Structure formats: C-alpha cells, structure tokens
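Q: I'd like to learn how to read a few features off a model like this one. Can we go through it together?

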Amino acid sequence: TMGAHVSAVPNHQVGRITSPETRALTALCFNFGYELDIAAESPRDKAVYTAASELYREKRSLFRSGRFLRLLPGQEEMRRTDRPDRFAWMVVSRERDEAVVFYFQTLSEPNDDGIHLRLRGLDSGCSYRDVERDVEFDSAFLEHRGLWLPPAAGDFRSACWILEKCNFRA
C-alpha cells in the first residue's frame with residue numbers, strides 16, 4: 001500500500017511547487033487524502049480539490065477493488081539507466097466496464113514530440129467513452145495506438161481520463 005496525500009505548496013520537505021491538479025491526481029492513484037489547511041487555499045485550488053474529492057467518492061469502489069496497472073515506465077524504460085520522467089497508471093474494474101487512467105511527467109524536455117499512451121486490461125471488442133471529453137475509442141485502438149499526449153508545456157504535467165464501456169461488438 002502506498003499513501004499519497006495532497007500537501008500544501010511549497011512542499012514543506014523539498015520546497016517544490018506543483019499544480020493542485022497534479023497533486024490531487026497523484027493522491028487519487030493511491031491512498032487519497034489531504035495534509036494542508038484547506039481554508040488557506042485559493043478558491044481555484046479549492047475547486048480542484050472539491051472535484052478530486054467528488055471523483056474519489058464516485059469511483060471509490062473502483063479505486064479500492066480495481067486492477068491497478070503500471071503503463072509507464074514500461075519494460076523498455078525500466079531497462080534504462082537514467083531515471084524515467086514519465087509515469088502512467090490505470091485502474092480497471094473487475095468487470096472491465098470502467099477505467100481511470102493517470103499520466104504524469106516530472107520535467108519537460110526540449111524537442112518533446114509527445115507520446116501515445118497505450119492502455120491495457122480493457123475488454124477487447126468493445127468501445128470506451130472518455131467521459132470528460134465525450135469521445136469514443138475502440139479498445140483495440142487504445143491498446144495498440146493509445147491516447148495522444150501532446151508535447152509538454154512545462155514541468156509536473158498531469159492528465160486523467162475516465163473511460164466507460166459503451167459498446168460491445170460481436
């Protein structure tokens with residue numbers, strides 16, 4: 001088990017400043033909680049934390065009992081001697097009818113071309129709808145081509161997709 005709580009910025013241990021979105025998404029991947037004075041936060045940050053808390057409550061059973069899969073670093077990145085700067089995980093329900101995908105990039109690099117984040121563990125022969133963006137993807141597309149992540153525009157970037165099964169083809 002890994003604990004991960006949203007802390008205040010700058011971080012009290014390392015002085016790092018990261019966006020409230022990145023801090024909330026990171027905590028959602030693990031043991032979600034807060035270690036900050038919420039009353040001292042800006043209205044914008046409070047809205048981010050409220051949305052993250054609502055997502056956690058809505059997907060609590062998925063986070064607690066779903067299958068947790070590491071997408072990045074993959075086997076190739078794990079063989080490199082330098083530290084990987086991109087991390088991605090996903091949680092898939094036991095029925096494979098919903099999933100939440102998380103992506104994080106610590107430091108941006110020059111000449112970043114973007115990447116395709118290939119997913120795993122979805123029900124083959126089905127379509128999944130990205131709930132927030134209202135876009136439908138074939139599971140084979142998500143597995144072989146993946147979700148597109150454009151070049152990074154800054155450090156400590158994060159993204160999240162909520163996918164729901166919407167169609168089965170025989």
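Q: Which helices and strands each supply at least two residues of the lining of the largest pocket?
A: Keep in mind that this is a predicted model. Here β1 (3–7), α1 (20–28), β4 (86–92) and β5 (98–105) each give at least two lining residues. The pocket itself has a volume of about 640 Å³. It is lined by 26 residues, and R16, T18, T22, R23 and T26 are the closest to its centre.

Q: And by class, what does the lining of the largest pocket have?
A: You'll find 12 nonpolar, 10 polar and four charged residues there.

Q: Now the backbone. Which peptide bonds are cis?
A: The general idea is that most peptide bonds are trans. In this structure, V9 and P10 are joined by a cis bond with omega at about -5 degrees, and P10 sits in the loop between β1 and α1. Another cis bond runs from L72 to P73, with omega near 0 degrees. Look for P73 in the loop between β3 (67–72) and α4 (75–79).

Q: What about phi: where is a positive value found in a residue other than glycine?
A: Most residues other than glycine have a negative phi. R96 has a positive phi, near 60 degrees, and belongs to the loop between β4 and β5. D134 also has a positive phi, near 50 degrees, and lies in the loop between β7 (126–130) and β8 (135–138).

Q: Is D134 buried or exposed?
A: D134 counts as exposed because its relative accessible area is 57%, and the cut-off for exposed is over 50%. R96, at 35%, is partly exposed.

Terms used: Residues numbered from 1 in each chain as written. Predicted model: local features only at pLDDT ≥ 70, side-chain atom pairs only at ≥ 80, totals over all residues. Heavy atoms only, no water. 1 Å grid on protein atoms, 1.4 Å probe; cavity = no way out; pocket = protein on both sides within 12 Å on 5 of 7 lines; lining within 4 Å. Points joined across faces, edges and corners; volume = space filled by probe spheres on them. Helix = DSSP H or I, 4+ residues; strand = E, 2+ residues; numbered from the N terminus. Nonpolar A, V, L, I, M, F, W, Y, C, P; charged D, E, K, R; others polar. Buried < 20%, exposed > 50% of the residue type's maximum accessible area, 1.4 Å probe, protein only.
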